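The following note sets out comments on one model, arranged as numbered points. Please read it with the coordinates open.

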Amino acid sequence: MSVKSIDELKRIMRSDLCNRCGSCVGLSDGKIVFTDREGKFRPLVIEEPNEKESARLLNACAGKNFDFPEYRKQFYADTPGFHTYTGPFHGIFIAHSNDEKIRRAGASGGMISAILIYLLKSKQIEGAVVTGMSKKKPWLAESFIATSEEEIIEAAQSKYIITSVNEILPEISAFKGRLAYVGLPGQVQSIRKLQKAGDKAVENIKYIFGPFYGNTLQFSSVRSFLRSYKIRDYQNISKLWFRYGEWPGNMRIEMTDGRSVELPKFHANYLIPFHILKNSLLCTDLSNEFTDISGGDAWAPVYEERGKGFSMVLSRTPEGARILNEMESKGLISLSPITADEAITMHSHGYDLKKRGTFIRMKFRKWIGKSNPDYGYTVSGFPISRYLMEFVINALFVVLGTRIAQWTVEQIPPSTIGRVFEKTRNIWKKATFSIKRENLSQ
Ligand SMILES: Cc1cc2nc3c(=O)[nH]c(=O)nc-3n(C[C@H](O)[C@H](O)[C@H](O)COP(=O)(O)OP(=O)(O)OC[C@H]3O[C@@H](n4cnc5c(N)ncnc54)[C@H](O)[C@@H]3O)c2cc1C
């Protein structure tokens, strides 16, 4: 007997396969809603959609499957460059906005915001789907359609807690005009699925951009961070930044009564093993492969020493390449080309995590009977040392993800745990350097 679409959808919603992209909520006409946004943040069916509606929602779900080769053929047939790790590309660049205000407002080089502002000002779009912090609940992220430079800048910078951009699909389809869309890989993949199906809900989306994606954190990370400073009333947060100040920036929280806490980004990364959204570990897309242009941090000592903010960007479609060319020729951005090998070396940690680690983790999951997403490709043939390394990382995530481990770390001042975390991470990176880099670009 074939499984009903709604039953399959419910199974995904309850499992690690759900990336919280928000498509099922946005397309359901109110029949599916997000619950517990400050906790597990899961979609819940409150009124059962019929089979036709459910089939549409299931088809839009990239948590279950997203066939990379098929979608590459569909959207990137004319793209000249390709590597399994980077995805398709026309050009790869170290880049930044030449407008100091935009560059400073951005997470790295302000590239994504600069592109959106350029498209808006040159009347190539009328709006941009972006994700800022909620006005009503400033501790939660919220997606909206920006129609001015100020709104785009307001939504700049990375939000490392769960975001569900596609729940605003009703606003996207009702918008009068052309849109640029910014989303994480799982969110973008769902938009591509809807585009391939010719779904009217995404008709207004002309351009797709997106940040690189290592991982997302559960909202418990913010609560835990505050508890470490003996602050329990997180609902009195007035402002929350994950990348405040000079690149790479600080995690900073301001409270309504004037209290504030701040920790360098690399130290605040201690929260990752304690609060990581498990779905992040099932994603094989570091550099947002199905966008027109994607951007990440240009992690290399030569740029980090200079501060100010540098991005690594990939143009992936002819339109993406055209936009970067136009902006460069108008002096709006600076671009220095790099090769795919240089890009992979710069992000060796991230590519190893996504393009090797994820496939090993999926093997582990299969052994214990858990289901995996189907990406239509696999990467295999890693040395046994890489499997062992993954086993250690997974065991750590399991132990550190428990409430008792989270409570224990909250008793230590974040400045101490942050420093210890960064030192330990550097030691770990050095110790595993050769395992991670071995044949990485092949
Ligand atoms: C969850 C997450 C994980 C990341 N992991 C990595 C990593 O491992 N390695 C790496 O090099 N870079 C990573 N990045 C990307 C990096 O932090 C910067 O976003 C990227 O360098 C682009 O910087 P920018 O200055 O060009 O972007 P900006 O000009 O700051 O624009 C960023 C745009 O992204 C949108 N946005 C921000 N957060 C989200 C979100 N959570 N969901 C949807 N849209 C969002 C904003 O609305 C804005 O339009 C991550 C980003 C996020 C959000």
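1. On a 1 Å grid over the protein atoms alone, a cavity is a set of points where a 1.4 Å probe fits but cannot get out, whereas a pocket is an open set with protein on both sides within 12 Å along at least five of seven lines; lining residues have an atom within 4 Å of a point. Grid points are joined across faces, edges and corners, and a volume is the space filled by probe spheres set on the points.

2. Basis of the note. This is a predicted model, in which local features need pLDDT of at least 70 and side-chain atom pairs count only at pLDDT 80 or more, while totals for chains, interfaces and linings use all residues. Residues are numbered from 1 along each chain as its sequence is written, and side-chain values use heavy atoms, with hydrogens and water left out.

3. Second largest cavity. The second largest cavity has a volume of about 140 Å³. It is lined by 18 residues, and C18, N19, C21, C24 and C61 are the closest to its centre. Helices (H or I, at least four residues) and strands (E, at least two) are DSSP runs numbered from the N terminus. At least two lining residues come from each of helix 1 (5–14), helix 2 (23–26) and helix 3 (51–60), and helix 1 gives the most, with three residues. For the classes, Ala, Val, Leu, Ile, Met, Phe, Trp, Tyr, Cys and Pro count as nonpolar, Asp, Glu, Lys and Arg as charged, and the others, Gly among them, as polar. On that basis the lining of the second largest cavity has 13 nonpolar, four polar and one charged residues.

4. Largest cavity. The count comes to three cavities of 30 Å³ or more, and the largest has a volume of about 200 Å³. Of its 18 lining residues, N19, G186, Y213, N279 and C283 are the closest to the centre. The lining of the largest cavity has ten nonpolar and eight polar residues, but no charged residues.

5. Second largest pocket. This pocket has a volume of about 850 Å³. Its lining comprises 33 residues, with D16, K278, L281, F397 and V398 nearest its centre. Helix 10 (220–228), helix 12 (272–275), helix 16 (348–367) and helix 17 (384–400) each supply at least two residues; helix 17 gives the most, namely five. By class, the lining of this pocket divides into 14 nonpolar, nine polar and ten charged residues. Both domain 1 (5–60) and domain 2 (67–442) contribute at least three residues to the lining, the domain bounds being taken from an automatic or database domain assignment.

6. Ligand shell. A residue is near a molecule if one of its heavy atoms lies within 4 Å of it. There are 33 residues around the ligand, and S108, G110, S113, Q157 and S158 come nearest. The shell divides into 14 nonpolar, 16 polar and three charged residues.

7. Ligand oxygen atoms lie 2.8 Å from a polar backbone atom of A107 and 3.1 Å from one of A155. A ligand nitrogen atom is 3.1 Å from a polar backbone atom of F212. Taken alone, the ligand exposes 910 Å², of which the protein buries 96%; accessible areas come from the Shrake-Rupley method with a 1.4 Å probe, and for residues only the protein chains shown count as cover. Two or more shell residues come from each of helix 6 (111–121), strand 6 (127–133) and strand 13 (293–297).

8. Backbone geometry to inspect. A cis peptide bond joins W247 and P248, with omega of about 5°. P248 is in the loop between strand 10 (237–244) and strand 11 (250–255). K123, a residue other than glycine, has a positive phi near 60° and is placed in the loop between helix 6 and strand 6.

Conventions:
Polar contact = N/O pair within 3.5 Å; in protein donor to acceptor, adjacent residues only side chain to side chain.
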